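Dear colleague,

Please find below the sequence and structure that I am handing over to you. My notes on what was found follow directly after.

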Amino acid sequence: MSNETIDMASKDLWDRAKTVYISSLPTQEEKDQMERYFSMISSVETDDDVFRFYTTNSFAADFLQSNYATRIKGCLTLVGANPALKMEFKLDERKRPSIIIPPTAQKSQTPGLPELSITPQHQATTFISTMPLRDEYTFDEFVAGPSNSWAYSAAKGVVKHPGESGYNPLFIHGGTGLGKTHLMQAIGNELKRKNPGMAICYLTAETFLNEYVNYLQNGQINSFREKYRNIDVLLVDDVQFFQKGKIVQEEFFNTFNYLQGKKKQIVMTSDVAPKNLPALEERLISRFVGGMVQEIESPSYETRLAILQKKSESYRPPIPISTLTFIAENIKTHVRAMEGALAKVKVIISNSPTAELSPILLSKLLKDFIDKEQTIKKLTVEEIQAAVAKKYGVTVQSILSTERTASLVTPRQLAMYISRKFTAKSLPEIAEKFEKKHATILHGVKTIQKRLDVENDLKQTLEEILSEFGYKLTDGKDLSLS
């Protein structure tokens, strides 16, 4: 058997194992996260008794080896790989990115920042993205509508005027699955197309944090700074994750200042607006709002239908317009859920082209998506407050009061947590219902999140309250990055 045949067999095994791994994850947010991690794997091969993964950077190799090798091996075994195979992750030297550093950029001259001694590397491609940009994320494939038109226009403006003060930084915020990442990567793809020599880096805030810790532990912090301060465009997804660490906020602040001082473009996304990131340092928030801040909202019916039509243009056999209409009418909260429903329908039609997809049949086929939609939409804050008050033997009025006795703080914060996770209400709307500031709501939510990890009694109480509404703890929105 030739090496090429072996590698194709390895790729097939990995593709199937990856599908098993991702499908086993309980929430869409976790699935999206693992897809981002796996996107850093550029190729695989089997060499004797070793299943080898090649990654786009050395950090990815170390990170995946340390955190996911065992479970990946289990998934490979499930799809037919030899259980005796060893897992090995290593940098793909063939795809090692290089940075062309002009002689004038040998040292950092930004006041207040440590000087970096930088040695120019051999001349090669200047494209250095930590995580791959997805080719399908383009402006042509993005459906603009009233809910996202301002963010779309701002993203196009960045491409025309990268680094200019009015667009730098660009901060895009909105709920999960509304197209923030698509717009950000569209900026990167378009700039790369127009300027092949431009050094563009895309990564998530979590990757920045993990890579920073890795470099710090290995005594290579100057290499880390050299990497991220010698690029032309920095695209950072999910910056709300920076709330998890004060030290990394300091590092990102310095990187941000350095790049902005050099008129390099910075684009960021977050689930919430900068002002609703209370665990971030005030100086970071002030930097984030110093350029352009744009929100993406849930799409209108017309935009949802247009998105579905755009996504299904190339499907053969075609998806009936009545089916697209059904999805647009019943799945409203985010685009990613619509795409998931559309993919499921595509499989059904591909296998049974003559099947008649009636509303009754579609309701059954897409039950999981529709139930999730209803879970998030139909529960009210008032119902949650009443259920929690009843469970703890207190009144709703006392939950809404300013009294801070231990017997009231827990039910109050638990009601805040459930309202944030199981309703579609925004933070200001929830704050109004509790007669509190939105920062108080966020504090309460985060407090309960931490306590649920260590207090089984509290977790059981939460599950009992949710069961009254017919929900499970895994339902609702994922707040792990909020």
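Helix α7 is largely enclosed by the rest of the structure, because six of its eight residues are buried. Buried means under 20% relative accessible area, exposed means over 50%, and partly exposed lies in between (1.4 Å probe, protein chains only). Helices (H or I, at least four residues) and strands (E, at least two) are DSSP runs, numbered from the N terminus. The buried residues of α7 are Ile 221, Phe 224, Arg 225, Glu 226, Lys 227 and Tyr 228. Their cover includes β5 (200-204), α6, β6 and α8.

Before going further, please note that this is a predicted model, in which local features need pLDDT of at least 70 and side-chain atom pairs count only at pLDDT 80 or more, while totals for chains, interfaces and linings use all residues. Residues are numbered from 1 along each chain as its sequence is written, and side-chain values use heavy atoms, with hydrogens and water left out.

Confidence

The predictor's confidence in each residue is given as pLDDT, from 0 to 100. The protein has a mean pLDDT of 82, and 88% of its residues reach 70 or more. Over residues 97-125, however, the pLDDT is below 50; this stretch has 50 contacts in the model beyond near neighbours in sequence. A contact means heavy atoms within 4.5 Å. Where pLDDT is low, the predicted coordinates should not be read in detail.

Salt bridges

How many salt bridges does a search of the whole structure find? The search finds 18, a salt bridge being a side-chain nitrogen of Lys or Arg within 4 Å of a carboxyl oxygen of Asp or Glu. Side chains of opposite charge can pair when their charged atoms come close.

One of the bridges joins Glu 211 and Lys 227, at 2.8 Å from N to O. This pair links distant parts of the chain, with Glu 211 in helix α6 (residues 205-217) and Lys 227 in helix α7 (residues 221-228), 16 residues apart. Both Glu 211 and Lys 227 are buried.

A salt bridge also joins Asp 232 and Lys 264, at 3.0 Å from N to O. Here, too, distant parts of the chain are linked: Asp 232 is in the loop between α7 and β6 (233-237), and Lys 264 is in the loop between α8 (246-261) and β7 (265-270), 32 residues apart. Asp 232 is partly exposed, with a relative accessible area of 24%, and Lys 264 is partly exposed at 26%.

Arg 283 takes part in two features. Arg 283 forms a salt bridge with Glu 281, the closest N and O atoms being 2.7 Å apart, and its charged end sits over the ring of Phe 253, 3.9 Å from the ring centre. A charge sits over a ring if NZ of Lys or CZ of Arg is within 6 Å of the ring centre and within 35 degrees of the ring normal.

Aromatic rings

The whole structure holds 20 aromatic pairs. Rings of Phe, Tyr and Trp (its six-membered ring) pair if their centres lie within 6.5 Å; planes under 30 degrees apart count as stacked, over 60 as edge-to-face and the rest as tilted. Tyr 21 and Phe 38 form an edge-to-face pair, 5.3 Å centre to centre with 85 degrees between the planes. Tyr 21 is in helix α1 (residues 3-23) and Phe 38 in helix α2 (residues 28-38). Tyr 21 is buried at 3% relative accessibility, and Phe 38 is buried at 3% as well. Arg 71 lies over the face of Tyr 21, at 4.6 Å from the ring centre.

One aromatic cluster includes Phe 224 and Tyr 228, which are also among the buried residues of α7.

Cysteines and backbone

The structure holds zero disulfides, a disulfide being a pair of cysteine sulfur atoms within 2.5 Å. Cys 75 is buried at 7% relative accessible area, and Cys 201 is buried at 0%.

The peptide bond from Asn 168 to Pro 169 is cis, with omega near 5 degrees. Another cis peptide bond joins Arg 316 and Pro 317, with omega about 0 degrees.

Lys 263, a residue other than glycine, has a positive phi near 60 degrees. Lys 263 lies in the loop between α8 and β7 and is exposed, with a relative accessible area of 64%.

With kind regards
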